[in-house]
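I opened this model with a notebook beside me. Below is what I looked up, in the order I went through it.

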Amino acid sequence: AGDLVVWSYGFVLMFFDAAEEISKVDKQLCQYINEHYKPCLFVVNKWDLLADKDVYTEQWGDYLLEAFPTMAHVPVAFITATTGKNAKRLINHAQMLFKQSRQRISTGELNRVIRRAMERHPPPRIQHRLPKVFFATQADIQPPTIVLMCNNPKAFPATYRRYLLGAIRDEVDFPEVPIRIFFDKRAHREKPHEAKK
């Protein structure tokens, strides 16, 4: 089976056998990787076995996307381990993923990204009220973690959260690594006369 995983502190290499179908174990491993927000590189090995067949990298890429739709950001590498073909490129890409996972986006730029996304496609109204995001900030790295301070976190449905995550991914310097996004309610600010009581 293709269920070989190289797991390091910074990233995961998930290996698949080019001559075999994606297995149940493969899917379980990818689910575990996804749930732990690990930067991942899909590695399709034994690509030389398909050299004389009408199989293209795009087809395998589509096959992986269909199997793991929540990991659409994960890049794919095609190698032949016995000859070392593309091995250096694989290592370079893995190092780049590690660097991406440590990247930060400034608060100003992140807020501009969120504002543009919400202007293009506003969130659905709840009881005639439009959910608001007051500001956004990156709270952590490895994985990049984004916190959106808003008036009502529950007012943002899962589909809209995925939309904002995609908008962020399209414009940041870490497009190929998992991004955590949290919606938090901004604390009520006491009025001056309340604080004195």
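**Helix H3 and what covers it**

Exposed means over 50% relative accessible area, buried under 20% and partly exposed in between, with a 1.4 Å probe and protein chains only.

Before going on, I noted that this is a predicted model, where local features need pLDDT of at least 70, side-chain atom pairs count only at pLDDT 80 or more, and totals for chains, interfaces and linings use all residues. Residues are numbered from 1 along each chain as its sequence is written, and side-chain values use heavy atoms, with hydrogens and water left out.

The buried residues of H3 are Leu90, Ala94, Leu97, Gln100 and Ser101. They sit on the same side of H3, because they cover an arc of only 115 degrees around the axis (the arc is that of the directions from the helix axis to the C-beta atoms). Their cover includes strands E2 (12-17), E3 (40-45) and E4 (76-78). Here helices (H or I, at least four residues) and strands (E, at least two) are DSSP runs, numbered from the N terminus.

**The E5-E6-E7 sheet**

Next I traced an open sheet of three strands, in the order E5-E6-E7 with mixed pairing. Strands E5 (133-140) and E7 (180-185) are at the edges with a single partner strand each, so one side of each has no neighbour in the sheet.

E5 and E6 pair in the antiparallel sense over six bridges; two strands pair if DSSP finds at least two bridges between them. I picked out Phe135, whose bridge partner in E6 is Met149.

Helix H4 (residues 107-120) lies across E5 and E6, at about 135 degrees to E5. Angles run from 0 to 180 degrees between N-to-C directions, and axes are lines fitted to C-alpha atoms, for helices over the stretch in contact.

**Thr145**

Is Thr145 buried or exposed? Thr145 is buried, with a relative accessible area of 7%. I found Thr145 in strand E6 (residues 145-150).

Leaving aside neighbours within four places in sequence, Thr145 is in contact (heavy atoms within 4.5 Å) with Thr137, Gln138, Ala139, Asp140, Arg180 and Phe182. I also noted that a polar atom of the Thr145 side chain lies 2.9 Å from the backbone oxygen of Pro143.

Key. Polar contact = N/O pair within 3.5 Å; in protein donor to acceptor, adjacent residues only side chain to side chain.
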